[in-house]
Amino acid sequence: MNTTTMNSMQRTLTTLGQKEPDRVPLFLHLTMHGALELGMSIEEYYSRSDYVVEGQMRLSKKYRGDCISPFCYSSMEIEAWGGTTLFLPDGPPQCGAPIIKSFEDIDTLQTPKVMGAASLTRILETTRLLQARVGETVPIIGVAISPFSLPIMQMGFDKYIELIYEQPERFNRLMDINIAFCVEWANVQLAAGATAICYSDPMSSSSIIPRDLYLKTGQQVAMRVLPQIKGPTATHMASGRCLPAMEDIADTGTAAIGVSGQEDLAELKAAANGRVSLIGNLNGVEMRRWTQQQTEMEVKRAIAKAGRGGGFILSDNHGEIPWQVPEEVLLAISDAVDRWGRYPLDWLSDWTDTSETKP
C-alpha cells in the first residue's frame, strides 16, 4: 500500500513503471477549454503563447489533472508545410486545402525547417513557459503527428489510401520526408522542456487499416521514428481501436497507448500484459451528456477494469475533450478519481458493476 502523497510527475512515472502510485493518474486533455477560461474565441486564444500558458495553468488548478500540454491544434504542423487552418467557433481548428495536390508533388516535396515555422515556434515558446511554471512536478506532453498519419492532412484520406496501395515508391519517399520532420519536431519539443511526446498515429489504428497492412507500413515507420526521439513516447490512436495490434504496437518501444472507448479496458489491459501502459478510455463525445451519477460510474468502471497493478492513466479516448463538455462533468471526473482511484483499490473486492450503462 502506498500511503505517500505524490506529485503528478511521481504519480505518472510510477504507473508507467507498472507499479501502483498513490492514486490513478488523470490526464484531462483540455485544449479549447482554455479559451473558455479566459473568455476568448478559440482563434484568439491560440494566437499567443502566454494565453495558452495561462489557460493550461488555470485548467490544471481547476480540474486537478496530472498533465499539461502546449498542444493547440493538429494543423499547426501543416502550417509549417505552407498549409492553412480553418477556425471554428465551437470546435477544434481544421486543416485547410491539401498541400499535396497531385502525386507528382511528392517528387519535389521538401522537409520544412521546424525552427522557421511561426506556428511551431509558438508551441516551443509555450513549452518553455510551462516548464518554467511547473518544473519537474507535472508532465508536459508535447505532440508530434506520426509520419504515417500526417498525409491524411497533407493530401486527403482518399488520395493517401490510393498512394499506399498503388504508388509504393512515392509512399516511401513521403515517409522519408515526414520521418525527418517528425523526429526533428519531437526532439526540439523535448529540448524546450516537454517531458514526453504523444505520437499521434490514428492511421495505424485497427479502425482504419488491417493488422497486416499496419505491420508493413505504420509499424515500420514507428520503428524508424521512435528510437530517434530522445525521450519517452506514448502512441495515441485518437479514438481508433488497437486491440488486434496491441503486441505489435508494443514492439515499437512506445511506453503507453491511447486506447479507444469502443474497446473493453479489461481486454486491453490483459493484452498489454505489462509491456505498455494504457491511457483512456472515457468517451469524450458521450461525455457531453453525462449526469454526475453516470460520470462517477464511468470513472469507477474504468478504474475497476484497468487500475490494478498500475500501468493505467485515466483519460478521454480521443486525446482532446470536446468544447461542449461542461464544467460540471469535468469536475465530477476529478472528484470520482479522487474518491475511487486511491490505491490499493480495496473497494474492488466488494464491487459488482450493476449499471445498465454500456462501457
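Partly exposed denotes a relative accessible area between the limits for buried, under 20%, and exposed, over 50%. The model shown in these views is predicted.

**View 1. Gln18 and Arg64, two non-glycine residues with positive phi.** Most residues other than glycine have a negative phi. Gln18 has a phi of about 60° and is found in the loop between H1 and E1. Because its relative accessibility is 24%, Gln18 counts as partly exposed. Arg64 likewise has a positive phi of about 60°, and its place is in the loop between H4 and helix H5 (75–80). With a relative accessible area of 37%, Arg64 is partly exposed.

**View 2. Salt bridge between Asp22 and Arg11.** The side chains of the two residues meet at 2.8 Å, N to O. Asp22 lies in the loop between helix H1 (8–16) and strand E1 (26–27), and Arg11 in helix H1, so the pair ties together parts that are 11 residues apart in sequence. Asp22 counts as buried because its relative accessibility is 4%. Arg11, at 5%, is buried as well.

**View 3. Salt bridge between Glu37 and Lys62.** The N to O distance for this pair of side chains is 2.8 Å. Glu37 in helix H2 (residues 33–38) and Lys62 in helix H4 (residues 49–63) are 25 residues apart, and the pair links these distant parts of the chain. Glu37 has a relative accessible area of 24% and is therefore partly exposed; Lys62, at 25% relative accessibility, also counts as partly exposed.

**View 4. Salt bridge between Arg211 and Asp248.** Here the side chains meet at 2.5 Å, N to O. The pair links distant parts of the chain, with Arg211 in helix H10 (residues 211–216) and Asp248 in helix H12 (residues 246–250), 37 residues apart. Arg211 is partly exposed at 43% relative accessibility, whereas Asp248 is buried at 8%. Elsewhere, salt bridges that share partners join Arg11, Asp22, Arg23 and Asp66 into one network. The count of salt bridges comes to 19.

**View 5. Packing of helices H8 and H9.** Two packed helices are described by the angle between their axes and the distance between the axes. Helix H8 (residues 157–166) and H9 pack at about 115°, with axes 6 Å apart. H8 and H9 are therefore roughly perpendicular to each other, and their crossing is left-handed. On the H8 side, Tyr160, Leu163, Ile164 and Glu166 take part; these meet Pro168, Arg170, Phe171, Leu174 and Met175 in H9.

**View 6. The largest nonpolar core, with 100 residues.** Phe148, Tyr160, Val225, Phe312, Leu314 and Ile333 have the most contacts inside the core. Helix H9 (residues 168–192) gives the most to this core, with 13 residues. Val225 touches Pro147, Ile179, Cys182, Val183 and Tyr199, leaving aside residues up to four places away in sequence. A second, separate core has 11 residues, among them Cys67, Cys198, Ala234 and Ile313.

View 7. Most peptide bonds are trans. Pro344 lies in the segment after helix H15 (327–340).

Key. Residues are numbered from 1 along each chain as its sequence is written. This is a predicted model: local features need pLDDT of at least 70, side-chain atom pairs count only at pLDDT 80 or more; totals for chains, interfaces and linings use all residues. Side-chain values use heavy atoms; hydrogens and water are left out. A nonpolar core is a set of buried Ala, Val, Leu, Ile, Met, Phe, Trp, Tyr and Cys residues joined through side-chain atoms within 4.5 Å. Buried means under 20% relative accessible area, exposed over 50%, partly exposed in between (1.4 Å probe, protein chains only). Helices (H or I, at least four residues) and strands (E, at least two) are DSSP runs, numbered from the N terminus. Contact means heavy atoms within 4.5 Å. A salt bridge is a side-chain nitrogen of Lys or Arg within 4 Å of a carboxyl oxygen of Asp or Glu. Axes are lines fitted to C-alpha atoms, for helices over the stretch in contact, and angles run from 0 to 180 degrees between N-to-C directions. Angles under 35 degrees count as roughly parallel, over 145 as roughly antiparallel, 65 to 115 as roughly perpendicular and the rest as oblique. A crossing is left-handed if the near helix is turned anticlockwise from the far one by less than a right angle, and right-handed if clockwise.
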